[in-house]
Each structure stands twice: as structure tokens, then as C-alpha cells.
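Open the model in your viewer and keep the selection panel at hand. This tour tells you what to select next and what is there.

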2 protein chains.
Amino acid sequence: PEGLRAADYANYFSSYAYIYHQKQMLTDSKRMEAYRDAILGNAANFRDKVVLDVGAGSGILSIWAAKAGAKKVIACEFTEMAAHARRLVKANGLEDVVDVRRSAVEALDLEKGSVDIIISEWMGYFLLRESMLDSVIYARDRYLKPGGALYPSHAKMYWCPVALQDDRDAKLAETADTLAEWDAFEDEMMREHDVDVRVLRRPYEEETRDYCLRQAQWHELTEDVVQGEPVCVAAFDLNTITLGEAQGVADAPFAFDLPLERCSAFAGWFDSDFAGSPSAPASNVVTLDTSPSGGYTHWGQQCFFVDPTLVRDAIRRAGGRAPLATKGRLS
Amino acid sequence: PEGLRAADYANYFSSYAYIYHQKQMLTDSKRMEAYRDAILGNAANFRDKVVLDVGAGSGILSIWAAKAGAKKVIACEFTEMAAHARRLVKANGLEDVVDVRRSAVEALDLEKGSVDIIISEWMGYFLLRESMLDSVIYARDRYLKPGGALYPSHAKMYWCPVALQDDRDAKLAETADTLAEWDAFEDEMMREHDVDVRVLRRPYEEETRDYCLRQAQWHELTEDVVQGEPVCVAAFDLNTITLGEAQGVADAPFAFDLPLERCSAFAGWFDSDFAGSPSAPASNVVTLDTSPSGGYTHWGQQCFFVDPTLVRDAIRRAGGRAPLATKGRLS
Ligand SMILES: Nc1ncnc2c1ncn2[C@@H]1O[C@H](CSCC[C@H](N)C(=O)O)[C@@H](O)[C@H]1O
Ligand SMILES: Nc1ncnc2c1ncn2[C@@H]1O[C@H](CSCC[C@H](N)C(=O)O)[C@@H](O)[C@H]1O
């Protein structure tokens, strides 16, 4: 077999151990402004508090929490990036406040219920895709004091038909090309190797359609492609969400008053509120919005193309139920 | 954070559970011919034998072993591809001989020493990169009868300077571009967020150089770029290789009588022999050659660029020691 070329590329970008990757997040200005304003704009809430940063990366959120007046910040980071975070904290003169721990948050040994505020940037594509919400819930249940606050405190998922005719058609063409390769392959296997592979044609077709058409695709959408009013398909309160709820939305009914011809794809995105907790509300509530109308964020939007061959005649309007899980695909 | 776009692509291709990916291997004709001729061209060695296929994938090698007259073939495959292999075996009328087991070979429950021949296509880029040689050694030590044979039986790694000036220069330019982004980042972090990131400049430079210049790159080389005579830096006898030896080549001295100006990169590749075992030698010894002179295989060659800024004046000739491990990089 082989190790695969694309994997090198992916491992690089997906590895939080690279400054390069942390830098990409540090230059996402909507993201940065939301967290900065949520923390520094609510400094009174942070003053003299014990703060836990779940997945600290470069340590940026911990640095802001310290600047907001926190008594102590535990910056917990799993990868080697922890060493860089430590350097950065020191270079900014905050080493007496920020304690960088290289650890999975699940392996930390803090005193139970000793934390006033948890800060974390855990959100994945369309909120839950490859998100680390599980780890935040773990930290909340173990370390957050009763009445303590989470930043962010709430998150919502949105879903909307979008006009992406050209991209959809390109996907359909790519699917058709991949399917078309099969005939030559079947012939070659028989001619050169006397092996009959016809039995794999159907599974190959299913696999190709599944891969090409049912996997979510990253897009940076503009407002003009949005068809109709987005619906909120899930709303999470971080103060109370359970591990089970964090796995996905099993059943999200939606209906749009729209002819199917105008519905080449659905797009999903999220927003997050930084409202503090009921007993320690933020005075300046900040919202991080990743919708097409809000301008660029590195999250973009996740698009799911509608395969016209799968749409039954009976369906005249765009509607249905979408299971939206952490895998980034429609099932 | 985010789940990353490139990762989708990589997971797809790297996943042996996809027919698409198995098909890519099944259409690598040099690979196919070598295995086919090694098995069917030595049918006398396979007749009435018990054969174990380590990492059976689509089951192609098992099908050939059955056609060569094996009494029984255990086709062991870890991924869901096992179900497709079972279908393929049946469609070719070989279900009485080939027993497909969905399992890691490490978790099989065969009788110890019950196998006459192990067949496996385990070779990674430059032989060892992400290879599954460990699993083959495991299977050999546990299941192969004394005097039993491995197909392939031998493998060699080769190393040679190559003229890839343009690719090297493109890499250097990419490195320079990535490094150049830092200044603006440093300014922005200070201006917008009052955070001093200068302490990370040096680690960022090291990381960038390491990533851009020291990672091996896949190339499909032609003979004309090869500079001088390739040297064999390792020769493995599968009958006797140990797990330790399979981890890489700690120290491979080489010397080429060549001015450094002509040496913009080194390329590595391998060949494998199918010679049977000393007590059951193949009568038709087949060699699978992945060198630049042998024409296309999906393995191509792995190229390591020479960074001129790292080459000390003192070195006038291309020579040194290369640790060549499973990670696909020079250390
Ligand atoms: N269970 C876990 N424990 C500790 N760190 C984790 C973790 N899961 C993910 N991480 C880390 O969480 C980080 C998320 S990216 C966000 C980094 C930083 N807080 C910022 O906002 O810029 C990554 O660096 C990742 O390595
Ligand atoms: N430890 C292990 N046990 C079982 N299968 C393994 C394994 N490690 C890798 N594999 C499988 O080994 C296969 C190698 S690719 C080669 C497939 C097939 N023999 C052919 O020549 O076309 C993959 O399908 C992979 O899933």
C-alpha cells in the first residue's frame, strides 16, 4: 500500500501543534474580536476569579483573562503548543497569573469545583463537526463551581437552502466521471487478470455517490445565495447541555416555502453567545456569528448538496428531517 | 477550532475501506503484474499450500493464490473492505478455498505455525513510510511454518541525488512566503490585541523550514533527472528481518562524486524480490522495481530537497548520513 500524499497536507493543517495553524485562528478577526470583547468587555466578571482555559492553544484567551484581572488562569493544552503558550505568557509578563499545563483537560488534577469561569474555543464546523464540546462538558461537570460561568454560554445551529447550482453541477459531474471509470476498470481486470469484478459495481456506485454528494463541503457563502429565512435547528445552553445532546441533532425537522428547483444545497452554520451564567451574567453580551451575512470566519459554512436523482417527484417543497451529527455528513 | 478541509480529502484516499482506493492499487499495472507473475508464475510452489494474505484489501492476491492451486487461503483484512473481498471471492467461484476474515492480523486466531506461505502487499513510500511491515513480521513469527515462504521475500532501498532545481526553488519560495507573513501578523497582534508575539518568531521559522524543506515529497521522476549511480542504502531479507530493523535505517552513509550545485534533492525508492524461501525457492523470481527508470507505479519516488542555506561551505561533494525512518522525513 502507500502512505498518501494528501495526508501530509491534512496532518499539517489539522495539527494544533503547529504555530502556523494557531496563527490562522489568531488572524480570524471576527473570532478574535468576539472573544476579546467577551472577556475584556466584561472585566468586572473576571476580576479576582479562577479561570480554566480548555484547549488553550497559543494561550491567547488565557492572556486576555489575565488582563481582565483574573486571579489565576489555568491554560490547559494537549499538544506541544503548550510550550509556545508558556513562552507567550511570559513574554507578555503574565506568568504569575497564567499557569500553562500541557495535558488533556480530562487528565488535569485540579481540585473539584474550584473554577469560577471556563473559557474555551471549542466550536467546529457547523458547530459540532470535530468539535471538542465533550471536553468542555467534562471540565464543567468536574471543575466549575455551582453558579460559575462558561464563555461562550450558548450556541445555536442554523440551516437554510442556498443557491449553489454551479457547485452542485460540478459535484454531479465529478460523480459521473468517477462512476464512468468503472467500465474500463472492469474490462481491464477481466482482460489482464482474468478476475471478474462486476459484483463490486453497485457498491462502488453507492460509495461514490455517498462520498461525492453526501459529505459536507466548506464554503464561504455570501448573503445573496441564501434562499429564504434560515431556521434554527438546535439551541444549546452550555450551562446545562449533556454529553448525549452534544453528539448531534438526531432529528431536526425543517420546512421552507420554496420550489425544489431553487434548492441546490443546504447550508449550515452557528452562532455563539457570551452571556455569562444566570448568577453571574455578562454585562456586555457578545455574539460570534458565522452566518453568510456576517462576513468571513475560518468556519465558513458547511454545504450539503441536494442530489436531484434522489429527490422524489412527490416532494414539491423543500422540507424534511436532517440528522446533523459530528461526522459532517447527512445520513 | 475547526475540523479541517484537507482532512476530508486525505481521509478519503487514505481509507482502505473505499473501493475507490483499492481500485487505484488494482490499476497500478507494474504492481499488479509483479504479484500476478510471482504467484501464478510459481504455481507449483502454491499447489496444496495453506496461504495467509496479510492485509487482503479487495482480496486480489488471495484470488490469485487460489487460482495457483492453494488448498486454503486466509484473506485477512482489517477494514470493511473485507465484505467486498468476500463478494469478489464468491463471484469468482473461489469461496471454497478463500476464507475472508475481517480482522487485524494481530487479532487472528489461527493455529501457530500452520501457514506455508504469507503473501502481502505491505510496502509504503520509499519502502518503509507508513508501511505495514510490522504486521507481516508479526504474522511470520506466529503463523509461518519453519521453512515457509514470504511473497515478497526481499526488499532494497535506494537513494540518489536528483536534479529538481525548479521544484526545490518553488519550495524555497513557498518557505520564504510563509516566513514573510509573520511581520504583518506580529504588527496586527500588537495593534489590535495588545499582545506581543515576537517570542514565537524563531519557533515559527524553525517549524516552517522543517515542514517545507525536510518533509519528503512524492514525485514521479524520469530517468533523466537522476544524477549518478543510485546507492542501495538498505537490503532486507523478509525471512529474518526483526521488528527493530523494520523501524528504519538509523545510519545510511552515502557518497556521490558530484558537485553540490547539481544536487538539488535526493530521491528514495525501493524494489522487492519474490524469491520464495531458501527451502522453497521460487522457480521464476519476479522483481517489482519502483525506480525512476522502471516507469509509473503509484509509489513514485520520495524526494528530499537540499536546503542551500543549510549546506556548509566545507561540504564540496554530496555525501553524508541519512536516517531514513517510517516518518517520511529527514531528521
Ligand atoms: N481534550 C483536550 N484537552 C486539552 N486540549 C485540547 C483538548 N482537545 C483539544 N485541545 C486543544 O484545544 C485547542 C483548540 S483551538 C483554540 C486555541 C485557542 N484557545 C484559541 O482560541 O486560539 C487546540 O490547540 C487543541 O490542541
Ligand atoms: N494489521 C493489519 N491487519 C489486517 N489488515 C491490515 C492491517 N494493516 C493494514 N491492513 C490492510 O492491508 C491492506 C493493504 S493494501 C493492499 C491490498 C491488497 N492486498 C492488494 O494488494 O491490492 C489495506 O486494505 C489495509 O486495510
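Predicted model: local features only at pLDDT ≥ 70, side-chain atom pairs only at ≥ 80, totals over all residues.

Residues are numbered from 1 along each chain as its sequence is written, chains are lettered from A and ligands numbered from 1 in the order in which they are written, and side-chain values use heavy atoms, with hydrogens and water left out.

**Stop 1: ligand 1**

Select ligand 1, which lies between chains A and B. Show the residues near it (a heavy atom within 4 Å). There are 21 of them, and A:Arg31, A:Gly55, A:Glu77, A:Val105 and A:Glu106 come nearest. The shell holds 11 nonpolar, six polar and four charged residues. Here Ala, Val, Leu, Ile, Met, Phe, Trp, Tyr, Cys and Pro count as nonpolar, Asp, Glu, Lys and Arg as charged, and the others, Gly among them, as polar.

Color α2 (19-26), α5 (60-67) and β2 (72-77) of chain A. Each gives the shell at least two residues. Helices (H or I, at least four residues) and strands (E, at least two) are DSSP runs, numbered from the N terminus.

Now look for pairs of N or O atoms within 3.5 Å, the polar contacts with the ligand. Which side chain has an N or O atom 2.7 Å from an oxygen atom of ligand 1? It is that of A:Glu77. The side chain of A:Arg31 places an N or O atom 2.8 Å from a ligand oxygen. On its own, ligand 1 exposes 580 Å², and the protein buries 92% of that (Shrake-Rupley method, 1.4 Å probe).

**Stop 2: ligand 2**

Move to ligand 2. Residues from chains A and B surround it, so this site is shared between chains. A backbone N or O atom of B:Gly55 sits 2.9 Å from a ligand nitrogen. The B:Glu77 side chain has an N or O atom 2.7 Å from a ligand oxygen.

**Stop 3: helix α8 of chain B**

Select residues 165-193 of chain B: helix α8, 29 residues long. Buried residues (under 20% relative accessible area, 1.4 Å probe, protein chains only) include B:Trp182, B:Phe185 and B:His193. The buried residues of α8(B) pack (heavy atoms within 4.5 Å) against elements including α2, α3 (29-40) and α5 of chain A. Finish just after the helix, at B:Asp194, where phi is positive, about 60°.

Note on methods. Polar contact = N/O pair within 3.5 Å; in protein donor to acceptor, adjacent residues only side chain to side chain. Expected span 1.5 Å × (residues − 1). Buried < 20%, exposed > 50% of the residue type's maximum accessible area, 1.4 Å probe, protein only.
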